[in-house]
Amino acid sequence: MLTPIRLALDWTPNTIHTGFYVALAQGLYAKADIDLIITTPEADRYQTTPARQLTAGLVDLAVMPSESVISYHANDPGSPMVAVAAVLARDASAIATLKQNGLDRPMHLDGRVYASYNARFEDDIVKQMIRNDGGRGQFVSHKPERLGIWNTLLTNEADATWIFLPWEGVEADLRDIQLNLFLLEDYEIPYGYSPLLVTNRDWMTANSEVLQRFMRATAAGYGFAVQQPDEAARLLSETANHPSLANAEFVETSQQAASGYYLMGNQWGVMRREVWNAFVNWLIRHDLIIDKEGDKIQHIDVDRLFTNQFVK
């Protein structure tokens, strides 16, 4: 009998998630005696985040950014939330503006409209980027419907937003939309991992053997996507069967771009302590981590945030 594992995605199925769908399509989970059940945030119109689903016991694994893991540990130093893999080995995002609007430096975003996902630390990170470029760090934070955020930039409803380079970045290239891209690392912001695969420490301990099998199958799925991105794109589209994946040319091009972010060396999932440490310390240094009482956090035990036990 197969062991069920419930996985909550952070977004509609896309090329961040390809490894899961490739492993599913190729029967790798079934061979590992696992029945993978994938849920997407559309199920409740993005009302319950993957982190909340995980803490409520609705799922066993969830895809989320490092900001979520850090926030839960800030509120509760004994939080059982723990990252078990980096879905992407390095940051694949940027703050984007339309080149035609002449906003070619972060400092030019002062007084402008930023389309925000309202994610933890997001607006503060963008403000600090602007300050690091010589600006005041003051903008209007516009919070449109999540799936419409990219479109607010294209229609000039917003002047800037945060994008995923192998998705919106690829769409812009295919549509000949010229963008200015501001990478966080270019403005002295040591961003963490986004996204991560996260679980509950108690569930991890009780199910370590099945989790190990799951991770091997998933790593094989992502490895296949690196070696054969076009075939991986086809498997993603067919298996996820989602409207956002209907354009084969777009999905293939996105997959070719995304596959360059999956592995560190030849390994999928491995996280570096120095990446976690740099991001946490940066957040603390800028007084951005607040506990549930509203007090500023001065220390977080980074070693409780993640483990490489299942990706070695």
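At what angle do helix H7 (residues 165-174) and helix H11 (residues 248-258) pack, and how far apart are their axes? In this predicted model, H7 and H11 pack at an angle of about 125°, and their axes are 9 Å apart. The crossing of the two helices is right-handed. On the H7 side, the contact is made by Pro166, Trp167, Val170, Glu171 and Leu174. H11 contributes Glu249, Phe250, Thr253, Ser254, Ala257 and Ala258. By residue class, the contact of H7 with H11 divides into 7 nonpolar, 2 polar and 2 charged.

**The sheet**

An open sheet is formed by 5 strands in the order S2-S1-S3-S10-S4, with mixed pairing. Strand S2 (34-39) and S4 are the edge strands, each pairing on one side only. From one strand to the next, the twist averages 30°. In general, strands of a sheet pair through backbone hydrogen bonds, either parallel or antiparallel.

| Strand pair | Sense | Bridges |
|---|---|---|
| S1 (residues 3-8) and S2 | parallel | 6 bridges |
| S3 (residues 61-64) and S10 | antiparallel | 4 bridges |
| S4 (residues 81-86) and S10 | antiparallel | 5 bridges |

Thr3 has Ile34 of S2 as its bridge partner. Met64 is bridged to Leu196 in S10, and Ala85 stands opposite Leu197 of S10.

Is strand S10 largely enclosed or largely open? Of the 5 residues of S10 (residues 196-200), 4 are buried, so the strand is largely enclosed by the rest of the structure. In the strand order, S10 lies between S3 and S4.

Which residues of helix H5 (residues 122-132) are buried? They are Glu122, Asp123, Ile125, Val126, Gln128, Met129 and Ile130. An α-helix has 3.6 residues a turn, so residues three or four places apart point the same way. Just after H5, Gly134 takes a positive phi of about 100°.

Helix H12 (residues 273-285) contains Asn277. The relative accessibility of Asn277 is 24%, so the residue counts as partly exposed; the cut-off for buried is under 20% and for exposed over 50%. Asn277 and Val226 are 51 residues apart in sequence, and their C-alpha atoms are 28 Å apart in space.

Notes. Residues are numbered from 1 along each chain as its sequence is written. This is a predicted model: local features need pLDDT of at least 70, side-chain atom pairs count only at pLDDT 80 or more; totals for chains, interfaces and linings use all residues. Side-chain values use heavy atoms; hydrogens and water are left out. Buried means under 20% relative accessible area, exposed over 50%, partly exposed in between (1.4 Å probe, protein chains only). Two strands pair if DSSP finds at least two bridges between them. Axes are lines fitted to C-alpha atoms, for helices over the stretch in contact, and angles run from 0 to 180 degrees between N-to-C directions. A crossing is left-handed if the near helix is turned anticlockwise from the far one by less than a right angle, and right-handed if clockwise. Contact means heavy atoms within 4.5 Å. Ala, Val, Leu, Ile, Met, Phe, Trp, Tyr, Cys and Pro count as nonpolar, Asp, Glu, Lys and Arg as charged, and the others, Gly among them, as polar.
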